Amino acid sequence: MAVILTSCGKPFELEEVAEDQLSVTELAVDRHSVDLMVGDIYQVSATVKPDTLAERGIYWESADTTVVRISEGRLVAVGAGETTVKAIAMAGLKSDNCHVRVIEPWVIDPYAFLYDMVVYADVSVNGRAADDNTSVGVFGRDDSGGPLLKGVGVMRRSADGRSYMVLRTYSNGDDGESLTLRCYDRSRALLLESKEGITFENNSTLGTLSRLYSIVFE
């Protein structure tokens, strides 16, 4: 304790606090990379050391609020693009970053195509079966060589309770085209691409309800 005199001459004891008790020595966000689809929300968090300073609060900021807005670690995907969000500890001004990629929703107009192909699939994501939070997109190439959405998966359930995905894929006659498969896992804010694609065949079916085609994302 340090003893000082007030202007009234009365002694006042001031507790001495070590410098390392006032400053944050470490700050870390729980995710350094997040993938989101426009309209989705995801919660990130940050921890500080020493944890006794956690109550002093963490300030969050987004480098581009047209892509992502953030408040208290709550990410809101506003528009397609990439940006960085930052967590800043108010005590000590330590910071850590998270890179956020936002993609457009996968919506397709089937009337824009002449042909289709149906895939009945058993989809797994990092060793887990796909569920209602799993979106799968099928991509070909547009005239400039860029990715073009050509199909979107829909989860179904068979009469015996088994879950499977129906991937209806479209084309304007590009028989034999190589297509890539991407998965957006909404619950974990992850965008993944399968190592194996599929080949488009006009008016054909790949897999059956009794023998589903296996698609793996990891």
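Before anything else, I settled one term: two residues are in contact when heavy atoms of theirs lie within 4.5 Å. I also reminded myself that I am looking at a predicted model.

**Entry 1: the whole chain**

I looked up the secondary structure and found 21 strands and zero helices. The chain has 218 residues, and 37% of them are buried. I then asked how far apart in sequence the contacting residues are. Among contacts between residues at least 6 apart, 61% join residues at least 24 apart. The accessible surface comes to about 12800 Å², and carbon and sulfur atoms account for 48% of that.

**Entry 2: the cores**

Which residues have the most contacts inside the largest nonpolar core? My list reads V34, L36, L75, V100 and W106, in a core of 28 residues. Several strands supply at least two core residues each, among them strand 3 (26-29), strand 6 (46-49) and strand 9 (74-77). Strand 11 gives the largest share, four residues.

Leaving aside neighbours within four places in sequence, L75 is in contact with V34, L36, D40, I41, Y42, V44, V68, R69, I70, V85 and V100. There is also a second, separate core, with 19 residues, including M165, I198, F200 and I215.

I zoomed in on strand 4 and strand 11, which run parallel and are joined by five bridges. Within that pairing, D35 has R101 of strand 11 as its bridge partner.

**Entry 3: strand 6**

Which residues of strand 6 are on its covered face, and which on its uncovered one? I noted A46 and V48 as covered, T47 and K49 as uncovered. Strand 6 pairs with strand 3 in the antiparallel sense, over four bridges. K49 turns up again here, as the bridge partner of E26.

**Entry 4: aromatic pairs**

I found two aromatic pairs in the structure. Buried or exposed? W106 counts as buried because its relative accessibility is 14%, under the 20% cut-off. F139 is buried too, at 8%.

The other pair is F113 with Y170. Their planes are at 25 degrees and their centres 5.8 Å apart, so I wrote it down as stacked. F113 lies in the loop between strand 11 and strand 12, and Y170 in strand 16 (residues 163-171), so the pair ties together parts 57 residues apart in sequence. F113 counts as buried at 18% relative accessibility, and Y170 does at 13%.

**Entry 5: back to W106 through S135**

My last stop was S135, found in strand 14 (residues 134-141). At 15% relative accessibility, S135 counts as buried. What is S135 in contact with, beyond its neighbours within four places in sequence? I listed W106, R182, C183, Y184 and R186.

How values were computed: Residues are numbered from 1 along each chain as its sequence is written. This is a predicted model: local features need pLDDT of at least 70, side-chain atom pairs count only at pLDDT 80 or more; totals for chains, interfaces and linings use all residues. Side-chain values use heavy atoms; hydrogens and water are left out. A nonpolar core is a set of buried Ala, Val, Leu, Ile, Met, Phe, Trp, Tyr and Cys residues joined through side-chain atoms within 4.5 Å. Buried means under 20% relative accessible area, exposed over 50%, partly exposed in between (1.4 Å probe, protein chains only). Two strands pair if DSSP finds at least two bridges between them. Accessible areas come from the Shrake-Rupley method with a 1.4 Å probe; for residues, only the protein chains shown count as cover. Rings of Phe, Tyr and Trp (its six-membered ring) pair if their centres lie within 6.5 Å; planes under 30 degrees apart count as stacked, over 60 as edge-to-face and the rest as tilted.
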